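Take a look at the chain shown here. The paragraphs below walk through it step by step.

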Amino acid sequence: MFKCGIAYPRCKWILPLLLLCAIIFDIIALSGNGWVETDPNLEFASLWRRCTRNTVNTDQWNCDHSIMSYAWGRATAAMLLIGFILLIICFLLSFVGLCVPQMGILRLIGALLFFAVICQVIALVIYPSKYTLDLVNGNYKYLYSWTYGFGWSSTIVMFGCAVLFCCLPNYEDELIGNVKTKYFYTSP
């Protein structure tokens, strides 16, 4: 006989794993070099610096341009770092909240994650708009690359986890194991 349902006590450990994925994505976004690239590959930039070269045929990059010399660069880095620190705090709190039956802490984790999402969205919107306004020169096609995408991926995972952490206290009995598993489908 086949039964299909949700075993809440086993599924609750998915959220810390998702937060760990968001941490890994944020580390890649913070440390990666490919936030912006030009189409003829003459320029690339990260969150921290901008590198240029004169021709495509040379391998010598001039990486003397610091993004941190701009106020928007410092603001972007600060907002991403605040979101990252809050994400680590929420990751650690998620073990406390899911190991000990403390349902009140789950909504706190959700609220902190929402604040971290707001910080990261602000940073991920400031960077391309100000970069394009202040640093784009020439008639090149500028592409926002894979490490910038990891920043957005982390933010999306954090938003999903925030919603789930806010909704989990509604299923307190199921999480603790006081209620039998409800089956959606039972075969004859």
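The mean pLDDT of the chain is 83, and 84% of its residues reach 70 or more. Helix 2 has the highest mean pLDDT, at 93. Strand 1 (residues 3–5) has the lowest, at 48. Over residues 1–5, pLDDT stays under 50. The model still has 16 contacts there beyond four places in sequence. Where pLDDT is low, predicted coordinates should not be read in detail.

Now the overall layout. The chain holds 6 helices and 7 strands. Along the sequence, they follow the pattern β-α-α-β-β-β-β-α-α-β-α-α-β. Of the 188 residues, 39% count as buried. The chain exposes about 10300 Å². Carbon and sulfur atoms supply 65% of that area.

Next, the aromatic rings. How many aromatic pairs does a search of the whole structure find? The count is 12. One of them joins Trp35 and Tyr127. Their ring centres are 4.7 Å apart, with 70° between the planes. That makes the pair edge-to-face, because the angle is over 60 degrees. Trp35 sits in the loop between helix 2 (14–31) and strand 2 (36–38), while Tyr127 belongs to helix 4 (residues 104–134). The two are 92 residues apart in sequence, so the pair ties together separate parts of the chain. Are these two residues buried or exposed? Trp35 is buried, because its relative accessibility is 0%. Tyr127 is buried too, with a relative accessible area of 0%. Both rings belong to a cluster linked by ring pairs.

Leu17, Leu20 and Ile24 make a nonpolar patch of about 260 Å². Leu20 lies in helix 2. At 34% relative accessibility, Leu20 counts as partly exposed.

One last stop is Ala78, in helix 3 (residues 71–99). Ala78 is partly exposed, with a relative accessible area of 35%. Which distance separates Ala78 from Cys119 in space? From C-alpha to C-alpha, it is 9.0 Å. In sequence, Ala78 and Cys119 are 41 residues apart.

Terms used. Residues are numbered from 1 along each chain as its sequence is written. This is a predicted model: local features need pLDDT of at least 70, side-chain atom pairs count only at pLDDT 80 or more; totals for chains, interfaces and linings use all residues. Side-chain values use heavy atoms; hydrogens and water are left out. Rings of Phe, Tyr and Trp (its six-membered ring) pair if their centres lie within 6.5 Å; planes under 30 degrees apart count as stacked, over 60 as edge-to-face and the rest as tilted. Helices (H or I, at least four residues) and strands (E, at least two) are DSSP runs, numbered from the N terminus. Buried means under 20% relative accessible area, exposed over 50%, partly exposed in between (1.4 Å probe, protein chains only). Patches are made of residues with over 30% relative accessible area and no salt bridge: like charges are joined within 9 Å, nonpolar side chains (Val, Leu, Ile, Met, Phe, Trp, Tyr) within 5 Å. Accessible areas come from the Shrake-Rupley method with a 1.4 Å probe; for residues, only the protein chains shown count as cover. A salt bridge is a side-chain nitrogen of Lys or Arg within 4 Å of a carboxyl oxygen of Asp or Glu. pLDDT is the predictor's confidence in each residue, from 0 to 100. Contact means heavy atoms within 4.5 Å.
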